[in-house]
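Please look over the sequence and the model first.

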Amino acid sequence: MIKKYTFGNPLKTGAVVLEISPSEGSPAGFEINAKEKELKTGLSKDAYVYGLGETIRGINKRGWIYRSNNADEPHHEEGKNSLYASHNFFILDDGKNCRGYFVDHPGFVEFDIGYSDKDLFTIRFEDFDADFYEIEGNEPKEIVRAFRELIGKSYMPPIWAFGYGQSRWGYKTADDIREVNNRYKELGIPLDMIYMDIDYMQDFKDFTVNPKRFPDFENFVKEMKDDGIRLIPIIDAGVKIEKGYDIYEEGVAQNYFCKKEDGTNLVAAVWPGKVHFPDFLNTKAREWFGDKYKTLTDVGIEGFWNDMNEPAIFYTEDHLKEVFEGIHEMENKELDIWGFFQFRGLIEGIANNPEDYRRFFHDFDGVKVRHDKVHNLYGFYMTRAAGEAFPRIAPDKKILMFSRASYIGMHRYGGVWTGDNMSWWSHLLLNIKQMPSLNMAGFIYSGADTGGFGCDCTEDLMMRWIEFSMFTPLFRNHAALGTREQELYQFKDSESFRNLVELRYALIPYIYREFTKAVENNSMYFRPLFFDYRNDDRCREIEDQLLVGDSIMIAPVYEQNKTGRYVYLPEDMKMLRMRSYNDYDEEVVTAGDHYIKAELNEVLVFIRPGQKLPLTKPARHVDDLNLDELTFIS
Ligand code: MIG
């Protein structure tokens with residue numbers, strides 16, 4: 001049962017696909033205060049809050065304040081309030097009664113979940129215009145299913161996208177990429193994708209390829225494909241301002257870029273230098289930009305990742321001018337310490353400045369809207385541009401697509417990766433906790449930068465991270481420019497890495513089947529234990545073990561220098577301690593708490609009663625897997 005309450009005059013965000021006629025009155029449990037632009041409900045002692053998709057902190061969101069305000073935020077620490085996404089869906093659950101809510105509002109929303117007052121949940125708006133959905137159901141899984149029917153079926157990637165991918169910001173030339181492939185090949189570690197970060201482009205111009213670094217790109221794509229590797233280029237949101245660059249020229253001529261109040265195109269700066277931002281909220285601009293992916297699909301490219309689409313802004317021309325004026329004013333004055341801080345603040349506040357998001361406008365199909373009012377839709381609509389174009393420009397192929405910024409609704413067009421995490425053990429745990437919340441919001445094809453993006457990754461962290469990421473649909477090792485190289489061949493124990501990646505490939509029949517079920521049935525591929533074991537209170541607080549599909553539970557090791565961990569079993573299960581697809585210990589473990597050994601190269605998999613885990617023989621590429629010849633462990 002879904003009810004919709006409408007506050008003010010909300011814009012149509014495109015998040016939902018079902019028409020629900022509006023209800024009168026107020027949503028159950030919530031008190032509305034239109035003047036204060038807020039909704040309030042009490043949090044009983046037993047209330048758990050699930051949801052909010054990609055954020056920081058735990059699976060239970062209680063005890064913090066989360067802000068929907070898509071941000072280019074490379075510090076995923078517990079003191080933060082926003083990451084790259086706004087997924088305004090949550091479930092209130094006291095173990096007996098539960099209810100789901102979706103706040104469909106494309107601008108700033110604040111979820112104060114027992115932060116200001118530990119017994120209160122307050123939702124605050126900047127603009128009180130929203131469609132507020134209330135979803136009834138007997139248990140979280142039922143609510144998630146109803147919600148996902150409301151927002152439409154999740155994106156289904158091609159099967160090869162379940163293979164392992166290697167990425168690094170810093171591969172510059174065709175030879176750099178050949179080397180990655182060769183070294184994986186030498187060690188016999190499976191690999192299906194190599195990602196191309198911004199350096200493949202000519203001067204960071206979207207849909208161009210640097211001809212010096214990639215002479216005869218089309219042949220190179222083919223050469224790699226013949227060797228079983230698909231190249232996945234990045235696409236950035238900003239379009240370089242450069243005379244003669246077709247995309248810039250067309251966008252200007254057709255008014256496809258975001259404009260300022262005075263009607264001129266906003267000038268911002270990102271990697272290409274000065275850029276304009278395509279107005280993805282405009283259907284015509286979206287079709288135009290989407291068709292541009294054709295330049296790459298025509299030469300054999302079958303997948304993309306969309307980046308910087310919050311949008312990230314290094315600076316805007318206008319604000320930079322203001323900053324220089326400010327500095328100029330201070331220049332010959334005697335600065336006291338507060339003046340100095342003010343001076344420093346001017347510089348530190350240049351990137352992603354909130355004022356800048358108020359400087360430009362969209363032509364939202366005839367409605368002029370200031371950007372900040374619809375800020376959280378920008379990445380969604382960029383990815384929608386691509387997703388809607390693919391059937392036109394590459395009708396015979398399934399295209400891999402995932403994005404950094406997102407809003408609910410984007411899950412129909414692509415997946416997400418969780419952005420610039422760090423090579424920290426705490427971020428491996430964060431990754432574990434983010435996955436079920438992403439699934440609730442419809443993002444099933446998702447994963448984090450395995451090994452961590454920022455900072456230097458150690459061999460043991462990479463090993464443990466691989467042992468978790470081998471269950472995530474998107475399984476990609478990615479790292480930032482300047483960090484320690486972390487391709488699996490950079491480490492000593494390549495045999496264990498090979499065994500673990502091979503195990504992933506052996507599990508693909510299971511992963512793909514369970515993924516497809518989650519898409520088709522609007523269910524969750526990753527679930528917290530309490531979603532299945534409703535009568536076991538112990539399960540409520542377990543956030544470091546997950547159910548993966550219908551047959552297994554996992555309990556990853558996420559701390560350094562540990563050769564085991566505590567695991568809670570809600571019922572007897574068959575435990576597999578796996579070193580590879582054909583080398584594992586089996587043991588029945590009874591319900592309750594256990595300390596379970598897991599050496600650095602060992603993965604713990606628990607088979608639920610009555611279930612079987614199918615495995616196939618691994619291959620170097622997904623296309624070479626035999627998906628029909630399976631062995632079963634039960
Ligand atoms: O300002 O393209 O999250 O994955 O490697 C950084 C370079 C821009 C941010 C992405 C990251 C990517 C990086 N990008």
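E13, helix H3 (residues 217-226) and E14 make a right-handed β-α-β unit. Here helices (H or I, at least four residues) and strands (E, at least two) are DSSP runs, numbered from the N terminus. A crossover is right-handed if, with the strands pointing away from the viewer, the path from the first strand over the helix to the second runs clockwise.

The model is predicted: local features need pLDDT of at least 70, side-chain atom pairs count only at pLDDT 80 or more, and totals for chains, interfaces and linings use all residues. Residues are numbered from 1 along each chain as its sequence is written, and side-chain values use heavy atoms, with hydrogens and water left out.

**Strand E14 and its partners**

Strand E13 (residues 193-196) pairs with E14 in the parallel sense over 4 bridges; two strands pair if DSSP finds at least two bridges between them. Arginine 230 in E14 is the bridge partner of methionine 193. E14 also runs parallel to strand E19 (residues 303-307), with 3 bridges joining them. In that pair, isoleucine 234 stands opposite tryptophan 305 in E19.

Why is strand E14 described as largely enclosed by the rest of the structure? Of the 7 residues of E14 (residues 230-236), 7 are buried, so the strand is largely enclosed. Buried means under 20% relative accessible area, exposed over 50%, and partly exposed in between (1.4 Å probe, protein chains only). The cover extends to both faces of E14: Arg230, Ile232, Ile234 and Asp236 are buried on one side, and Leu231, Pro233 and Ile235 on the other.

**Antiparallel strands**

An open sheet is formed by 5 strands in the order E1-E11-E8-E7-E4, with antiparallel pairing. Its edge strands, E1 (2-7) and E4 (48-51), each pair on one side only. The twist averages 20° from one strand to the next; axes are lines fitted to C-alpha atoms, for helices over the stretch in contact, and angles run from 0 to 180 degrees between N-to-C directions. E1 pairs with strand E11 (residues 130-137) in the antiparallel sense over 6 bridges, and lysine 4 stands opposite tyrosine 133 in E11.

Strand E3 (residues 38-42) is joined to strand E2 (residues 31-33) by 3 bridges, and the two run antiparallel. Lysine 40 in E3 is the bridge partner of glutamate 31. The hairpin of E2 and E3 has 4 residues between the strands, and lysine 37 takes a positive phi near 55° there. E3 also runs antiparallel to strand E10 (residues 120-125), joined by 5 bridges. The bridge partner of lysine 40 in E10 is threonine 122.

**Helix H11**

Helix H11 (residues 459-469) is mostly covered, with 10 of its 11 residues buried. Among them are Asp460, Trp465 and Glu467. Phenylalanine 468 has its place in helix H11 and is buried, with a relative accessible area of 0%. Phenylalanine 468 and threonine 450 are 18 residues apart in sequence and 8.9 Å apart in space, C-alpha to C-alpha.

**Pockets and cavities**

On a 1 Å grid over the protein atoms alone, a cavity is a set of points where a 1.4 Å probe fits but cannot get out, and a pocket is an open set with protein on both sides within 12 Å along at least five of seven lines; lining residues have an atom within 4 Å of a point. Grid points are joined across faces, edges and corners, and a volume is the space filled by probe spheres set on the points.

The structure holds 4 cavities of 30 Å³ or more. In the table, Ala, Val, Leu, Ile, Met, Phe, Trp, Tyr, Cys and Pro count as nonpolar, Asp, Glu, Lys and Arg as charged, and the others, Gly among them, as polar.

| Space | Volume | Lining by class |
|---|---|---|
| Largest pocket | about 360 Å³ | 6 nonpolar, 7 polar and 5 charged residues |
| Largest cavity | about 80 Å³ | 5 nonpolar, 7 polar and 2 charged residues |
| Second largest cavity | about 50 Å³ | 4 nonpolar, 1 polar and 3 charged residues |

The largest cavity is lined by 14 residues, and Leu52, Thr55, Arg67, Ser68 and Ala85 lie nearest its centre. Strand E5 (64-68) and strand E6 (85-86) are the elements that give two or more residues to this lining.

The second largest cavity is lined by residues including Val221, Lys225, Arg230 and Leu231. H3 and E14 each supply at least two residues of this lining.
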